[in-house]
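Please look through the sequence and the model below.

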Amino acid sequence: MKIGFVGCGNMATAMIGGILKKGMVSRENLIASAKSPKTLDKIDKELGIRATADKRKIAVESDVLILAVKSVNMKEVIEEISIVIRPETIVVTLAPGKTLQWLNDTFGKPTKLVRTMPNTPALVGEGMTAMCPNDYVRPEEVVEIEEIFQSFGKTQVVPEPMIDVVVAVSGSSPAYVFLFIEALADAAVADGMSREQAYEFAAQSVLGSAKMLLETRKHPGVLKDMVCSPGGTTIEAVRVLEERGLRSAVFEATKACVKKAKEM
């Protein structure tokens, strides 16, 4: 299997690293494109795979073609490569907002398409990806694409209307978590802890809490109650967070993110 990437930013770099680490394909069977000479040099020297500025070359060679470009550039890229896409090639997109119908219409011919929404924790092998294939993709091909994304995290197939929700709850949510960690660390620094130590305590607490939820499968409210002793420090902090509207702010921010994803 030959895998090609049109675009090689952080997400594509994370994917390539995961694919190579798992030994899914050899370096010779990976190829990526980029506009800038600097990025092309990075692909060659840091990733050790073939690099080219020619998108059509990648489209012709690839069995799985991953369009790792922004939504605003998707139409231009598809128009450039559509004429050379082979019927058996599986095209995978990472950008939000572009539906399977829009993608198929833009290609202008029946094309095997898989919409995906990964997130940046893929950079450390802990990504979460939603996938949505169109009807031209065979079940065994869906499994192949799942295996690619599982090389740097977890994946689930979801109905296409849920992709916009995934953008909010997973694709964009690392930013909310980083904001929370930063605020938590800032408060610790204000009370005398060093910045480096504050980030480590805050980040490890978030990591451990997430792992507890995934491994115990307990309701988050139950896990929260386990920390809140009667009359203790934690319940006092929770009272202030509720008073200041943390839950409502997260809810409304997530809803706003879904709305924006649908408009793209």
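Over which ring does the charged end of K98 sit? The ring is that of W102, with the charged end of K98 4.5 Å from its centre. A charge sits over a ring if NZ of Lys or CZ of Arg is within 6 Å of the ring centre and within 35 degrees of the ring normal. The model is predicted: local features need pLDDT of at least 70 and side-chain atom pairs pLDDT 80 or more, while totals for chains, interfaces and linings use all residues. Residues are numbered from 1 along each chain as its sequence is written, and side-chain values use heavy atoms, with hydrogens and water left out.

Helix α12 covers residues 246-263; helices (H or I, at least four residues) and strands (E, at least two) are DSSP runs, numbered from the N terminus. The expected span of a helix is 1.5 Å times one less than its number of residues. For the 18 residues of α12 this should give 26 Å, and the end C-alpha atoms are 26 Å apart, which agrees. Its buried residues are C257, V258 and A261, where buried means under 20% relative accessible area, exposed over 50% and partly exposed in between (1.4 Å probe, protein chains only). Seen down the axis of α12, the buried residues fall within an arc of 100°, so they line one face of the helix; the arc is that of the directions from the helix axis to the C-beta atoms. These buried residues pack against α7 (163-171) and α8 (173-190). On the other side of α12, K255, K259, K260, K262 and E263 are exposed.

A14 is placed in helix α1 (residues 10-22). It counts as buried because its relative accessibility is 9%. Leaving aside neighbours within four places in sequence, A14 is in contact (heavy atoms within 4.5 Å) with A122, L123 and F152.

T89 counts as buried at 1% relative accessibility, and I85 counts as buried at 7%. The side chain of T89 reaches the backbone oxygen of S62 at 3.2 Å. Beyond neighbours within four places in sequence, the contacts of T89 include A59, D63 and K112.

Technical notes. Polar contact = N/O pair within 3.5 Å; in protein donor to acceptor, adjacent residues only side chain to side chain.
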